[in-house]
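Thanks for coming. I have one model to go through today, and I will keep to what can be read from it.

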Amino acid sequence: MEFHYDLSMLAHRFRRPESVDASLLKKEKGDWKNLSIQEKKDLYRYSFCETFSEQLAPTGQWKSIWGIMMFWTALALWGFMGIKAGKLSNIITLTEGEKILAS
């Protein structure tokens, strides 16, 4: 999957200004070379919440989808084998009227 890094970003901030230190917001307006790595990370989180690598990271949702799919497949196979073995034939029976309508 190709991700385009040149897409424009939203103009609003992710968090409220009260959640960030006021001195950090003042430093943001100055030269960013004077900011520490941690301050840059805090400002980035203030604006965007997560990095590109965090957005592109796998979520693991496929495991639950795969599990649900395997559950229903197994249930269908057990039902099929039960019908073939004759164990479920007592449950699934047609009345004489239904047999006439089905033919």
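Part of the surface is a nonpolar patch of about 470 Å², made by W62, W66, M69 and M70. Of these, W62 is found in helix α4. W62 counts as exposed because its relative accessible area is 56%, and the cut-off for exposed is over 50%.

Before going further, please keep in mind that this is a predicted model. The mean pLDDT of the protein chain is 77, with 64% of the residues at 70 or more. Among the elements, helix α4, residues 61–85, has the highest mean pLDDT, at 92, while helix α5, residues 96–102, has the lowest, at 66.

Now the fold. The protein chain contains five helices and zero strands. Read from the N terminus on, the order of elements is α-α-α-α-α. If you take the contacts between residues at least 6 apart in sequence, 51% of them join residues at least 24 apart.

On to the inside. Of the 103 residues in the protein chain, 10% are buried. Which residues make up the largest nonpolar core? There are five: L24, L25, L35, L43 and Y46. Helices α1 and α2 are the elements that give two or more residues to this core. Take L24 from that set: leaving aside neighbours within four places in sequence, L24 is in contact with E39, D42 and L43.

As a general point, side chains of opposite charge can pair when their charged atoms come close. How many salt bridges does the structure hold? The structure holds one. That salt bridge is formed by the side chains of E39 and K27, at 2.8 Å from N to O. The pair links distant parts of the chain, with E39 in helix α2, residues 37–48, and K27 in helix α1, residues 22–29, 12 residues apart.

Are the two partners buried or exposed? E39 has a relative accessible area of 18%, which is under the 20% cut-off, so E39 is classed as buried. K27 is partly exposed, because its relative accessible area is 40% and therefore falls between the 20% and 50% limits.

Technical notes
Residues are numbered from 1 along each chain as its sequence is written. This is a predicted model: local features need pLDDT of at least 70, side-chain atom pairs count only at pLDDT 80 or more; totals for chains, interfaces and linings use all residues. Side-chain values use heavy atoms; hydrogens and water are left out. A salt bridge is a side-chain nitrogen of Lys or Arg within 4 Å of a carboxyl oxygen of Asp or Glu. Helices (H or I, at least four residues) and strands (E, at least two) are DSSP runs, numbered from the N terminus. Buried means under 20% relative accessible area, exposed over 50%, partly exposed in between (1.4 Å probe, protein chains only). pLDDT is the predictor's confidence in each residue, from 0 to 100. A nonpolar core is a set of buried Ala, Val, Leu, Ile, Met, Phe, Trp, Tyr and Cys residues joined through side-chain atoms within 4.5 Å. Contact means heavy atoms within 4.5 Å. Patches are made of residues with over 30% relative accessible area and no salt bridge: like charges are joined within 9 Å, nonpolar side chains (Val, Leu, Ile, Met, Phe, Trp, Tyr) within 5 Å. Accessible areas come from the Shrake-Rupley method with a 1.4 Å probe; for residues, only the protein chains shown count as cover.
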